[in-house]
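This report describes selected features of one protein model, for use alongside its sequence and structure.

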Amino acid sequence: MAGIRNGKELLVTMKNSLGAGAAIFKALQKEEINVIASSGFQHGDEVHVSIVPDNFEAAKAVLDGQGVEYAEQNVLLVEMPNQAGAFATLLQQIAELDVNIFSAYATTTVKLSALAVLTTDNDAKVVEALSD
């Protein structure tokens, strides 16, 4: 893998209403906080959004100022090539370490790289095994 590091994400749960997500991301933008990765899904009448900001403490302050409820979660950030099978290879490598993955999503860039965001039951073991 190109690189692996520990990170943090904000887990936002909110009522699914028109423009709610846009308001959060606009508030982050206003404070010049870059979102490195994000994922979201709807469940019932709620939306769950994961946000990995480049400035975690500043992002928390923005969400606090907006009155947004969130939880914090440690994640692994894994840089990998943006090519067919790269994500599958990463997940297989972690499985071979006998480490359980709780959540996983990836984002890509036009620079032919990708970033996987993972939560596991043994981050330290994954970092040690996959570090260059």
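## Salt bridges

Glu57 and Lys60 are joined by a salt bridge between their side chains, with N and O 3.5 Å apart. A salt bridge here is a side-chain nitrogen of Lys or Arg within 4 Å of a carboxyl oxygen of Asp or Glu. The model is predicted, so that local features need pLDDT of at least 70 and side-chain atom pairs count only at pLDDT 80 or more, while totals for chains, interfaces and linings use all residues. Residues are numbered from 1 along each chain as its sequence is written, and side-chain values use heavy atoms, with hydrogens and water left out.

Both Glu57 and Lys60 belong to helix α2 (residues 56–66), where they stand 3 residues apart, about one turn of the helix. Helices (H or I, at least four residues) and strands (E, at least two) are DSSP runs numbered from the N terminus. An α-helix has 3.6 residues a turn, so residues three or four places apart point the same way. Lys60 is buried, at a relative accessible area of 15%. The accessibility classes are buried, under 20% relative accessible area, exposed, over 50%, and partly exposed in between, with a 1.4 Å probe and protein chains only. Through salt bridges that share partners, Lys8, Glu57, Lys60 and Glu72 form one network.

Across the whole structure, the search finds 5 salt bridges. One of them pairs the side chains of Lys8 and Glu72, at 3.5 Å from N to O. Lys8 is in strand β1 (residues 3–15) and Glu72 in strand β4 (residues 70–81), so this pair ties together parts that are 64 residues apart in sequence. Lys8 is partly exposed, with 34% relative accessibility, and Glu72 is also partly exposed, with 38%.

Lys15 and Asp45 form another salt bridge, in which the closest N and O atoms are 3.7 Å apart. This pair too links distant parts of the chain, 30 residues apart: Lys15 lies in strand β1, and Asp45 in the loop between β2 (35–43) and β3 (46–53). Lys15 is exposed at 56% relative accessible area, whereas Asp45 is partly exposed at 48%.

| Pair | N to O distance |
|---|---|
| Glu57 and Lys60 | 3.5 Å |
| Lys8 and Glu72 | 3.5 Å |
| Lys15 and Asp45 | 3.7 Å |

## The largest pocket

The largest pocket holds about 160 Å³ of space. A pocket is an open set of points on a 1 Å grid over the protein atoms alone, where a 1.4 Å probe fits, with protein on both sides within 12 Å along at least five of seven lines; lining residues have an atom within 4 Å of a point. Grid points are joined across faces, edges and corners, and the volume is the space filled by probe spheres set on the points.

Strands β1, β2, β3 and β5 (101–108) each contribute at least two residues to this lining. Among the lining residues are Glu9, Phe41, His48, Gln73 and Tyr105. By class, the lining comprises 5 nonpolar, 6 polar and 1 charged residues. In this scheme Ala, Val, Leu, Ile, Met, Phe, Trp, Tyr, Cys and Pro count as nonpolar, Asp, Glu, Lys and Arg as charged, and the others, Gly among them, as polar.

Helix α3 (residues 86–96) has Ala86, Leu90 and Ile94 buried. Viewed down the axis of α3, the buried residues fall within an arc of 75°, so they line one face of the helix. The arc is that of the directions from the helix axis to the C-beta atoms. Ala88 and Glu96 are exposed on the other side of α3. The cover over the buried residues of α3 includes β4, β5, β6 (113–120) and α4 (123–130), where contact means heavy atoms within 4.5 Å.

In α4, the residues Asp123, Val126, Val127 and Leu130 are buried. Their arc, seen down the axis of α4, is within 100°, so they line one face of the helix. The buried residues of α4 pack against β1, β4, α3 and β6. Ala124 and Glu128 are exposed on the face of α4 turned away from its buried side.

## Positive phi values

Most residues other than glycine have a negative phi. Glu32, which is not a glycine, has a positive phi of about 60°. Glu32 is situated in the loop between α1 (20–30) and β2 and is exposed, with a relative accessible area of 72%. Asp98 also has a positive phi, near 65°. Asp98 lies in the loop between α3 and β5 and is exposed at 69% relative accessibility.
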